[in-house]
Amino acid sequence: MVSTNKLKSVDFYRKIPRDLTEASLSGAGLSIVAALAMVFLFGMELNNYLTVNTSTSVIVDNSSDGEFLRIDFNLSFPSLSCEFASVDVSDVLGTNRLNITKTIRKFSIDHDLKPTGSEFHSGPVLHHINHGDEVDEGSSEGSVSLKAHNFDQYTHQYPILVVNFYAPWCYWSNRLKPSWEKAAKIIRERYDPEIDGRILLAKVDCTEEGDLCRRNHIQGYPSIRIFRKGSDLRDDHGHHDHESYYGDRDTDSLVKTMEGLVAPIAMESQRHALEHKPENATEHVKRPAPSAGGCRIEGYVRVKKVPGNLMISARSGAHSFDSTQMNLSHVISHFSFGMKVLPRVMSDVKRLIPHIGRSHDKLNGRSFINHRDVGANVTIEHYLQVVKTEVVTRRSSAEHKLIEEYEYTAHSSLAQTVYMPTAKFHFELSPMQVLITENPKSFSHFITNVCAIIGGVFTVAGILDSILHNTFRMMKKVELGKNF
């Protein structure tokens, strides 16, 4: 049986009887200072424990998201019509994708970037438009030439007014001319303007009537517009509700289309007699004309992870454009690479890396307006250097990929060109990527440091107190020795 006294002999922390201890002012002062020091050092250690530490390294890009990269954008062009706005992609491997529409949406906007209606749908694109084999018969003209002073008069006079807006220098306008004049003569003979009065085919020379063509948002030649009586909203800042014709341009197709337009409209003297379409009339699918001169383009494209270009310009396989009249000024609401990062995920990432996300939307909210002369043929180019940043967090010794973000630096410039003005985004992806890894701290390490702080401060304070106490005692002994 082990006695109590033997157990007491192994006590590491032997106690001094209270009667043998004494308090001192120096000890009290050191105790207060030590307590404050322990609280301060504990706060620093706690803050260090709660602060996320990361390590950054640059490695070869080993992306797991495939060979394609997504580009999201929202661009507003106040002077480019949705009718001809085209989104194209090319790269150094020879990829050329023209007029991408599947993942793109267009909205007509005015010069102040305000929407003027619903989404603009241009309908299916015809890769080949038939122009027929008609030849120009010189003075044989069947359409009426309109000017700015009589244009409104004709649009109010005829239920259907079909106008060919053309330019004499335009190749496609010249190809359309013989078919248009021949079709106009046939329609005039079948639907005499003086007797029938339901339809009239006309034309406008945009080199002479520039203001009239701009008022009707004509940017490509020839543009065939169908004006319906009563559809104009004359007091709404030029807004209109007309239709565009994008079909074949041979005589037979034009005539059938015009007959389809006329069929539902009865003459005043025969309003109750005509109730059905003629058998030879073709179905007319309404294709609204752009209601404003600008366009907002939003959506995304997928590109290969190689240097390439994203381009926005006016494009058509059967229209000509006057490059001196084209203005590709634009405002960038959004432009980013990679999948969109959810706000919740981004907030978690910024907890780890406060500066993350500052460069992935570097162009957002910026305006690039061409203030030069209209005839300057200006292309606005953006040069983007893209670098992938990957943030990895570690929890319970397991790695978890928190985010993959593509950041970029941008440099923009305006350049003169002899070809069609373009808004061009040159992108080049770096073969390297930035890897940011969280370095977590264990709780046991935190507790160990706290104990070390408490023990260290207590020990140092005890040593100082002992030194001070012995110093004071020695000084008292010296004073007593002097008195004797």
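Q: Let me start with two helices. In which sense does α4 pass α6, left-handed or right-handed?

A: In this predicted model, the crossing of α4 past α6 is right-handed.

Q: What angle do α4 and α6 make, and how far apart are their axes?

A: Helix α4 covers residues 171-190 and helix α6 covers residues 251-262. They pack at an angle of about 40 degrees, and their axes are 9 Å apart. An angle under 35 degrees would count as roughly parallel, and 65 to 115 as roughly perpendicular. That is why α4 is described as oblique to α6.

Q: Which residues make the contact between α4 and α6?

A: From α4 come Leu 176, Ser 179, Trp 180, Lys 182, Ala 183, Ile 186, Ile 187 and Arg 190. From α6 come Thr 251, Leu 254, Val 255, Met 258 and Glu 259. Sorted by class, the contact of α4 with α6 has 8 nonpolar, 2 polar and 3 charged residues.

Q: Stepping back, how many helices and strands does the chain have?

A: The chain has 8 helices and 18 strands. Of its 484 residues, 43% count as buried. Among the contacts with a separation of 6 or more, 83% are between residues 24 or more positions apart.

Q: Now to charges. What can side chains of opposite charge do?

A: They can pair when their charged atoms come close. In this structure, the count comes to 12 salt bridges. One of them joins the side chains of Glu 83 and Arg 225, with N to O at 2.9 Å. Glu 83 is in the loop between β2 (68-77) and β3 (85-91), while Arg 225 is in strand β10 (residues 223-228), so this pair ties together parts that are 142 residues apart in sequence.

Q: Are Glu 83 and Arg 225 buried or exposed?

A: The cut-off to keep in mind is that buried means under 20% relative accessible area. Glu 83 has 10% relative accessibility, so it counts as buried. Arg 225 has a relative accessible area of 1%, so it is buried as well.

Q: Which residue does Asp 152 form a salt bridge with?

A: Its partner is Arg 215, and the closest N and O atoms are 3.2 Å apart. This pair links distant parts of the chain, since Asp 152 sits in helix α3 (residues 148-157) and Arg 215 in helix α5, 63 residues apart. Asp 152, at 30% relative accessibility, counts as partly exposed. Arg 215 is partly exposed too, at 39%.

Q: What about Glu 243 and Arg 228: what is their N to O distance?

A: Their side chains meet in a salt bridge at 2.5 Å, N to O. Here strand β11 (residues 243-245) holds Glu 243 and strand β10 holds Arg 228, and the two residues are 15 apart. Glu 243 counts as buried at 2% relative accessibility, whereas Arg 228 is partly exposed, with a relative accessible area of 31%.

Q: Let us follow a single residue. Where is Cys 206 found?

A: Look in the loop between β9 (199-205) and α5 (210-215). Cys 206 has a relative accessible area of 9%, so it is buried. Leaving aside neighbours within four places in sequence, Cys 206 is in contact with Phe 165, Tyr 166, Cys 213, Ile 218 and Tyr 221. The C-alpha atoms of Cys 206 and Pro 222 are separated by 9.5 Å, with the residues 16 apart along the chain.

Q: What kind of peptide bond joins Tyr 221 and Pro 222?

A: It is a cis peptide bond, with omega about -5 degrees. Pro 222 lies in the loop between α5 and β10.

Q: Backbone angles can be read too. What is the phi of His 217?

A: His 217 has a positive phi of about 55 degrees, although it is not a glycine. His 217 is also found in the loop between α5 and β10, and it counts as buried at 14% relative accessibility. Asn 99, again not a glycine, has a positive phi of about 50 degrees. Asn 99 is in the loop between β4 (96-97) and β5 (104-109), and it is partly exposed, with a relative accessible area of 26%.

Q: One more residue: which residues does Ser 430 touch, not counting those up to four places away in sequence?

A: Ser 430 touches Gln 385, Val 386 and Val 387. You will find Ser 430 in strand β18 (residues 423-439), where it counts as buried at 18% relative accessibility.

How values were computed: Residues are numbered from 1 along each chain as its sequence is written. This is a predicted model: local features need pLDDT of at least 70, side-chain atom pairs count only at pLDDT 80 or more; totals for chains, interfaces and linings use all residues. Side-chain values use heavy atoms; hydrogens and water are left out. Helices (H or I, at least four residues) and strands (E, at least two) are DSSP runs, numbered from the N terminus. Buried means under 20% relative accessible area, exposed over 50%, partly exposed in between (1.4 Å probe, protein chains only). Contact means heavy atoms within 4.5 Å. A salt bridge is a side-chain nitrogen of Lys or Arg within 4 Å of a carboxyl oxygen of Asp or Glu. Axes are lines fitted to C-alpha atoms, for helices over the stretch in contact, and angles run from 0 to 180 degrees between N-to-C directions. Angles under 35 degrees count as roughly parallel, over 145 as roughly antiparallel, 65 to 115 as roughly perpendicular and the rest as oblique. A crossing is left-handed if the near helix is turned anticlockwise from the far one by less than a right angle, and right-handed if clockwise. Ala, Val, Leu, Ile, Met, Phe, Trp, Tyr, Cys and Pro count as nonpolar, Asp, Glu, Lys and Arg as charged, and the others, Gly among them, as polar.
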